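Student: Could we go through this model together? I would like to start with the strands and then turn to the pockets.

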Amino acid sequence: MGLEEQARRAYRVYQRYRQHGPPKIRLRETSAAAPTIYYLARDYNEPSGGIRTLYRHVDVLNEAGVAAAVLHERRGFRCSWFPNQTRVTDVRSSPLGPDDLLVVPETDARLLPRLPASVRHVVFNQSGHLTWNVDAELVTRHYLGSPGLLGVMVVSEHSQDLLEHAFRRPIHRVRLSVDAALFSPPDRPNGRVLTYMPRRGRADAENVLHLLRARGALGGWTIDAVDGVSQDEVARRLRASTIFLSSCYQEGFGLPAVEAMASGNYVVGFHGFGGREFFDPDFSRPTPTGDLLAMSRALEECLTREAEQPGWCWSRGVEAARHVRAEYSAERERASILAFFKEIGHRP
C-alpha cells in the first residue's frame, strides 16, 4: 500500500470516529462468575502503538490470573498487524456487569458521562495532550467529579504532571516495555543508514533532510522512511539503522524513539515532551521540539562525528539500548500494571 493510500485510510477512520463517536457499551444487571477488566479499543487494523499497548495490558493481566479482554466494536475483529493471542471480545457479546471494570482510552473519554454513574471505569490516558480534543468541557467535568471513575493511568512522567496539574487528583503512571527479543542492538556498527518514521511529524523530518541535502551533508547516507509495515519489519529495519531522526510532537511517550534506542540507534531530534524522560544527552541528542534549525544542526554534527570516528553512533546506541532494557523492561511494566489495579481496589 502506498503512502497516499495509507493517509486516505487513516483520514477515513478519523472521519468515522468524529461522525459516529465511540462504540455503545451494553450493560447487564447480574454479576459474572469472574469480574472482568475490559479494555475498549477501536477497530483499527493499522500500526498503532497505543492499541498494541491495550493488547499488552490484557495479556499481562490474564497471565497474572486477572480476567481481562480487549473490547472491540465488531464481532470477530482482532488486530493482525502484530502477532498476538490476546483475549478479545466485542460490545454485543460482552455486556458489562456491576462487578466488571471498563478501561477507556483518553480519545473515547466522552462516552463515559453518558454511562450510568454505577459503571466502574478507568481512563487509560496514553497522551495527555489529547485529553481535550473532543467534548472538552464534558470530559473535564467527568475527570473532576465522576463517582464511577476509579483512577487514571498514564504512560509518562510528563502526562502525569500535566493531568495532576489540570485535575488536582492522583494520576497513576504505568510503565511501557520494549520487547528486548525483538528490538536489540547489532553486534557491530552498521553502515550509513538514517531512519525516520513519517507517520507523525513527516513535514519536519523531511524538511530537515531537504536542508541537509542542500548543504551536501547527506552524501553516502541511505535514508529509510519506515511506515505502514509490521512490527517485525520495523524491528528489522531499526536494527539495520545507525541514526534515528525523531520528529514527534506532543507525545504521550514516544515509543518509536525508545524502540530505536533499544535497537542501537543514536536518536536525534524532538522528545515531544513525553519522551523527555529517556532522551538522555549521554546517549542521544535532544533538540527543542519544533526547532528545525536546531535539529538540522544537531544531525549534521552527528554525521560529521560519525565520519571522523566510525562507530561513534553505534557505541552510544549500545549505551541507549542498555538503558532502555533496564528502564522499560517487561518486569517493570507488569509490576506497575498490577500495582495500579490493586491500588484502585479491583477484586478479581
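Student: How do β6 and β7 pair?
Tutor: This is a predicted model. In it, β6 (residues 149-154) and β7 pair in the parallel sense, over two bridges.

Student: Which residue is the bridge partner of M153 in β7?
Tutor: H172 of β7 is the bridge partner of M153.

Student: What is the strand order of the sheet?
Tutor: Seven strands form an open sheet, and the order is β3-β2-β1-β4-β5-β6-β7, with parallel pairing. The edges are held by β3 (88-90) and β7 (172-173), each of which has a single partner strand, so one side of each is left without a neighbour in the sheet.

Student: Which strands does α2 lie across?
Tutor: Helix α2 lies across β1 (37-40), β2 (68-72), β3, β4 (101-105), β5 (121-124) and β6. The helix α2 runs at about 150° to β2.

Student: And which strands does α10 lie across?
Tutor: Helix α10 lies across β1, β4, β5, β6 and β7, and runs at about 160° to β6.

Student: On to the second largest pocket. What is its volume, and how many residues line it?
Tutor: The second largest pocket has a volume of about 420 Å³. Its lining consists of 22 residues, and R52, R56, S177, D179 and Q231 lie nearest its centre.

Student: Which helix gives the most to that lining?
Tutor: Helix α2 gives the most to the lining of the second largest pocket, with six residues. At least two residues of the lining come from each of α2 (49-63), α6 (231-239), α7 (255-262) and α10 (330-343).

Student: How does the lining divide into nonpolar, polar and charged residues?
Tutor: The lining of the second largest pocket has eight nonpolar, six polar and eight charged residues.

Student: What about cavities: how many of 30 Å³ or more does the structure hold?
Tutor: The structure holds one cavity of 30 Å³ or more. The largest cavity has a volume of about 30 Å³. Its lining is made up of P189, N190, S241, T242, G264 and W314. Of the residues in this lining, two are nonpolar, four are polar and none is charged.

Student: Changing topic, where does S159 lie, and what is it in contact with?
Tutor: S159 lies in helix α4 (residues 157-167). Leaving aside neighbours within four places in sequence, S159 is in contact with S127, G128, V154 and G252.

Student: Is S159 buried or exposed?
Tutor: S159 has a relative accessible area of 0%, so it counts as buried, the cut-off being under 20%.

Student: Now the backbone. What is the phi of Q250?
Tutor: Phi of Q250 is near 50°, a positive value in a residue other than glycine. Most residues other than glycine have a negative phi. Q250 is found in the loop between β10 (243-246) and α7.

Student: Why does Q250 count as partly exposed?
Tutor: Q250 counts as partly exposed because its relative accessible area is 34%, and that class lies between 20% and 50%.

Definitions and conventions: Residues numbered from 1 in each chain as written. Predicted model: local features only at pLDDT ≥ 70, side-chain atom pairs only at ≥ 80, totals over all residues. Heavy atoms only, no water. 1 Å grid on protein atoms, 1.4 Å probe; cavity = no way out; pocket = protein on both sides within 12 Å on 5 of 7 lines; lining within 4 Å. Points joined across faces, edges and corners; volume = space filled by probe spheres on them. Helix = DSSP H or I, 4+ residues; strand = E, 2+ residues; numbered from the N terminus. Nonpolar A, V, L, I, M, F, W, Y, C, P; charged D, E, K, R; others polar. Buried < 20%, exposed > 50% of the residue type's maximum accessible area, 1.4 Å probe, protein only. Contact = heavy atoms within 4.5 Å. Pairing = 2+ DSSP bridges. Axes fitted to C-alpha atoms, helices over the stretch in contact; angles between N-to-C directions.
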